[in-house]
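Biologist: I'd like a close look at one part of this model, please. Here is what I have on screen.

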Amino acid sequence: MNTVGVRSLIKILSKNSEMKLPDRTLYRVLALIAALGIMIPCTLIVGFISFVMTEALYEAGSPGGGMLFEMQILSAFSMIFGILVIFSVMFFSSDREHFVTLPIPSHHLMMAKFFYAYMAESVMEFMVLLAVFIGYAIAIGRNVGIKAALHPVSLIASLIGVFLIPLVPMIYCAIFSLILMAALSRVKTAKIFYRMSTIFLLLFAGLFLLSLRGIGDVNMENYVESLGSGSNILLRSLNIIFFPVPWLSNAISEGSILWLLASLAGNAVLLLILYFLGKALYQKGLYTAASLGSSKKAEIKAKDISSSSQFTASLQKELRVILRTKAFSGNCAYINILWPVGVFLLFHFTRNKGFLAAFIEMYQMGRERAEMILLMVMISIAFIATALNSLASTAFTREGQHLALIKFIPVPYEIQAYAKATVSLMFTYPMLLLSDIMICLYMKVPFYMCIYYAIQMLLAHIISMVIGMLMDSSSPYVEWDDEYSALRGNLNTFFNMAIMMVLSMVIVGLGLLIYELLKMPIVAFHLIIFMILAVVALRLVIKGKITIIANMEKMS
């Protein structure tokens with residue numbers, strides 16, 4: 001393989017893969033906040049989990065089990081979410097027509113796209129894995145000794161593992177994509193390809209549910225014990241699927257150079273399989289993708305939007321863009337379902353034990369501190385959920401290179417902005433409301449307080465939504481090749497999340513100040529928080545609309 005040519009292609013693909021940071025002081029501050037408020041805390045939390053699990057499994061005689069389990073879970077999630085990215089980058093990106101006409105071997109192009117997608121998708125995972133290994137090393141140093149924790153082979157294997165762990169699932173995704181595109185060359189719709197992520201998710205979810213059988217009460221202690229004993233079905237299955245990962249884990253935990261070489265050999269074999277499959281099948285897959293693109297365009301063209309209302313027509317257009325695009329529907333619309341599902345699973349399995357049981361009891365006893373904590377949690381969920389789905393912070397980015405059309409279609413800017421805001425409200429707030437209802441039912445919250453929490457969550461949602469639209473209208477990211485790049489490379493989403501994290505911490509700080517330090521009654525806390533959110537939301541809606549429209553007038 002011509003590695004120089006592949007590296008050159010990777011550089012070309014990476015050139016416009018992410019939004020460039022605007023040359024403004026505000027964005028530099030937001031970048032710092034994002035790093036301090038999101039990336040570093042996430043890695044610290046993962047590192048702490050790795051430390052705790054290693055400590056727990058050390059007594060069971062399997063100190064590396066926790067590290068292995070975290071690596072395998074990361075591998076599983078990489079495969080679940082990576083399959084859509086690989087499909088999009090390798091077969092459905094907009095640069096496909098430009099590259100196929102160049103005198104470049106198709107399998108070289110495939111390898112370049114693969115490594116580009118692997119690097120773009122794995123940056124955060126690199127940091128998380130580094131935290132996993134550090135947490136493991138600290139626990140080993142505490143229980144065995146610093147010499148064992150800093151074994152040279154273990155350190156080298158850990159550094160190599162940071163980059164190798166995400167590689168195996170991405171290779172599987174690429175291999176699967178090649179085989180599926182070649183085998184289903186006569187299929188005339190891309191929907192079947194984008195169902196693979198759901199199939200993988202259901203598969204791994206089923207393995208997780210199977211791993212709960214036979215452990216007794218469903219709690220962390222029993223689950224960790226099943227990992228230490230080697231009876232956990234999920235871990236055993238993942239060890240077979242991602243076979244180089246346990247070899248690398250053995251290299252780290254045992255300081256074994258033989259296990260490290262075995263892991264490197266396993267990755268090399270998988271890469272060779274990908275290379276030769278690409279040489280045989282990638283060109284055929286590109287022909288399949290081209291035919292799918294033509295049929296898709298014809299299908300969309302055949303269905304026009306008709307409505308007597310400009311707002312309704314604009315809203316229908318926004319809904320079609322989101323729901324017809326797998327990247328947007330999965331990452332922006334359907335992701336909101338995770339909040340009520342998460343609430344259900346949390347309360348269903350843990351409401352009678354541990355911290356949650358104590359908190360529910362404290363709330364039902366009328367403790368004001370529990371009431372304060374619950375309000376802060378509700379508001380934080382609304383802030384973070386709205387920022388996480390990126391519906392608002394990609395409102396203009398989703399237009400891509402057709403952004404200038406918003407200036408020329410016969411619809412006022414105000415109506416277009418309202419349609420974009422309404423989409424965010426439609427997909428986000430009902431799920432927040434459902435989460436609110438479920439929490440209130442499990443905790444037996446009075447009906448009027450449930451309504452009150454719903455209003456507070458609405459205000460928080462509006463604040464997050466308007467801030468996201470303000471940022472995206474100011475600096476939309478339009479030079480993207482595929483929809484996943486539009487989401488992954490959009491700094492506005494990242495910065496919106498950082499701002500919401502800060503606002504959540506401000507709400508927590510206000511609670512501590514008003515109730516804990518100033519000893520003001522809980523009614524005063526509720527009133528002050530409500531007034532602050534209401535005033536901020538109202539001001540953002542009024543002033544934000546003016547700024548967003550002004551930004552729309554400058555778009556080209």
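What pLDDT does the protein average? And at what angle do helix α15 and helix α20 pack?

Modeller: The model is predicted, so local features need pLDDT of at least 70 and side-chain atom pairs count only at 80 or more, while totals for chains, interfaces and linings use all residues. Residues are numbered from 1 along each chain as its sequence is written, and side-chain values use heavy atoms, without hydrogens or water.

The protein averages a pLDDT (the predictor's confidence per residue, 0 to 100) of 82, with 83% of the residues scoring at least 70. Over residues 294–302, though, pLDDT is below 50, and beyond near neighbours in sequence that stretch has 3 contacts (heavy atoms within 4.5 Å) in the model.

Now your pair. Helix α15 covers residues 310–324 and helix α20 residues 413–443; they pack at about 50 degrees, axes 9 Å apart.

Contacting residues include Phe311, Leu315, Leu319 and Ile322 of α15 and Tyr418, Val423, Met426 and Phe427 of α20. The contact divides into 11 nonpolar (Ala, Val, Leu, Ile, Met, Phe, Trp, Tyr, Cys, Pro), 3 charged (Asp, Glu, Lys, Arg) and 3 polar residues (the others, Gly among them).

How values were computed. Axes fitted to C-alpha atoms, helices over the stretch in contact; angles between N-to-C directions. Helix = DSSP H or I, 4+ residues; strand = E, 2+ residues; numbered from the N terminus.
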